Amino acid sequence: MNDVVVVGAGLAGLVAAGQLQRSGLSVKVIEAAPAVGGRMVRSPLQMEDARSPAWVDLGGQWVGPSHTRFLALLEAHGLRRFPSPHDGDTVLCFGSHRCTFSGFFQGFPEGQPPSVPSRDWDDAMAALKQFQALVASLPEGHPHHHPDAAELDRLSFQDWIDAHTHTPFAAWYFAYFCRAVGFLGPAEPDQVSLLHVAWGQRTAPQGDHPEEDLIHGGAGQLPALLAEGLGDALVLGEPVRAIHQADSPTGPGMEAAVDVITDRSSHRCRAVIVAIPPALAGAIRFTPELPADRLALQEGMAMGNCTKVLIAYGRPWWREVGLSGISLGDRPWVELCADSSDPETGLGVLAAFVVGRRRERWAALGADQRRSAVLEDLAAYFGPRALEPLEYVEKNWPQEPFIGGAFAAWMPPGLWTRSGDALLRPHGRVFWAGTEVAERWPGFFEGAVDSGERAAAAVAALLG
Ligand SMILES: Cc1cc2nc3c(=O)[nH]c(=O)nc-3n(C[C@H](O)[C@H](O)[C@H](O)COP(=O)(O)OP(=O)(O)OC[C@H]3O[C@@H](n4cnc5c(N)ncnc54)[C@H](O)[C@@H]3O)c2cc1C
């Protein structure tokens, strides 16, 4: 019998397992997919022009200066960072207008883009001030016990947009922010709780520059490095189907045991860490049954609706015309694009995101149509050279059976108030980890690391 079974070998599960092993406990990690990593995965680019081996991150890739736990992991495994390229002008397409402007680094423009009329811009900035005041009023930890939580959780973010914006640009801007900026979700503003969006910005602020750096060779190389110390403790390709806790100790003087069951094997242990998104935990049968608020959480906390597309060129040609490779706009498919070229390769790589209901319509197209649709949007942002990439790679996260979406999960109206406590409350000897349960930087690598460390510490305290 192992001391602990960890379910899921994404970042959170791997961090938890490593910490438990270092504290002297025996661990088994059971992963559904054939490889470790979950939402951290990289793919090679086979391009002759590359100066050194080139990779793209199909999942998460950016890191910010306040992601201290994740930065420490990178350092410990010898992974080097470089500043995410952002010199040059940002492109904004809105309606039939295209303009370029400076002073934008992810998040919000720092000054009025020339094609946006003053009335619209002033409207957006007035709404932004009110949004920031709302954000500042919330706690950094889970928000559902805040005095205003029930009222804020009753509304959708779209309700707030309707009440606080009066021009098409301002209304689109906040909807885009909800869909494209990388805290929780992405979700459409009419789907997600106002409390959730505001708290996301409180606890994972764009102002902290979470997209400041990238990692040479890709963030997706980290999980395999974390898994190196696990050896035989790692079981791959076996989804956990059931977790059974005995009602009482299995014999005189014996501790209560937990059985973690897959289609091929059963693993007895003293405690379990479930390090998967809540919606995925809904596919596991628990005995005794989970409480009603936890079941509601698993049913209601949907995964974000996002496909990430990586488009590679022989060089970052957009810089030759003064563009940063960052664009945003109400184009039919791509609302956000960023430069993710690794300077050591010499290649130009754009990362484009197709999100929300746009993604649903786009995903229904054939492969050639999807590719043309993305490239046409990139051409509208950056020019016709975008139409001829050397490589084009899509990662349809919502179709991944053991992930279910990207970047992370989000709460519809009412769910925080009903089920917020269930995010972290253990179920007997079952503890919860994964970026979704983090109190700081949920949805990011940092939240995953934080959740894994906390769950491991709680289990170590229980097992003495
Ligand atoms: C497209 C995209 C872009 C992103 N961009 C960024 C970014 O730039 N910066 C950033 O900080 N974060 C980013 N993120 C988020 C970041 O990748 C995640 O927060 C983090 O990797 C989540 O780790 P996790 O361990 O919590 O969950 P996961 O990575 O989801 O790991 C869970 C694991 O559990 C496994 N599993 C599921 N069900 C079962 C089961 N029944 N039995 C056994 N195993 C199971 C899954 O296969 C998976 O391996 C992005 C994510 C995506 C997808």
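This is a predicted model: local features need pLDDT of at least 70, side-chain atom pairs count only at pLDDT 80 or more; totals for chains, interfaces and linings use all residues.

Student: Where does Glu360 sit in the chain, and how far apart are Glu360 and Ala246 in space?

Tutor: Glu360 belongs to helix H11, which covers residues 356-363. Between Glu360 and Ala246 there are 43 Å in space, taken from C-alpha to C-alpha, while in sequence they are 114 residues apart.

Student: How should I read the packing of two helices, for instance the angle at which H2 and H14 pack?

Tutor: One looks at the angle between the axes and at their separation. Helix H2 (residues 68-76) packs on H14 at an angle of about 90°, and the two axes are 7 Å apart. Angles of 65 to 115 degrees count as roughly perpendicular, so H2 and H14 are roughly perpendicular to each other. On the H2 side the contact is made by Arg69, Phe70 and Leu73, and on the H14 side by Phe445, Glu446, Val449, Asp450 and Glu453. By class, the residues of this contact of H2 with H14 are four nonpolar and four charged, with no polar ones.

Student: What about the ligand: how many residues surround it, and which are the closest?

Tutor: The ligand is surrounded by 41 residues, and the closest of them are Gly8, Gly10, Gly38, Gly60 and Ala406. Two or more residues of this shell come from each of helix H1 (11-22), strand S15 (306-313) and helix H14 (445-463), with H1 giving the most, namely three residues. The shell divides into 27 nonpolar, eleven polar and three charged residues. Domain 1 and domain 2 each supply at least three residues to the shell around the ligand.

Student: How far apart are the C-alpha centres of domain 1 and domain 2?

Tutor: Their C-alpha centres lie 30 Å apart, and the contact between them takes 24 residues from domain 1 and 27 residues from domain 2. On the side of domain 1 that touches domain 2, strand S20 (409-410) and helix H13 (415-419) are the elements that give two or more residues, and H13 gives the most, with three residues. That side of domain 1 has 17 nonpolar, five polar and two charged residues.

Note on methods:
Residues are numbered from 1 along each chain as its sequence is written. A residue is near a molecule or strand if its C-beta atom, placed from the backbone, lies within 6 Å of it. Helices (H or I, at least four residues) and strands (E, at least two) are DSSP runs, numbered from the N terminus. Ala, Val, Leu, Ile, Met, Phe, Trp, Tyr, Cys and Pro count as nonpolar, Asp, Glu, Lys and Arg as charged, and the others, Gly among them, as polar. Domain bounds come from an automatic or database domain assignment. Axes are lines fitted to C-alpha atoms, for helices over the stretch in contact, and angles run from 0 to 180 degrees between N-to-C directions. Angles under 35 degrees count as roughly parallel, over 145 as roughly antiparallel, 65 to 115 as roughly perpendicular and the rest as oblique. Two residues are in contact if their C-beta atoms, placed from the backbone, lie within 7 Å.
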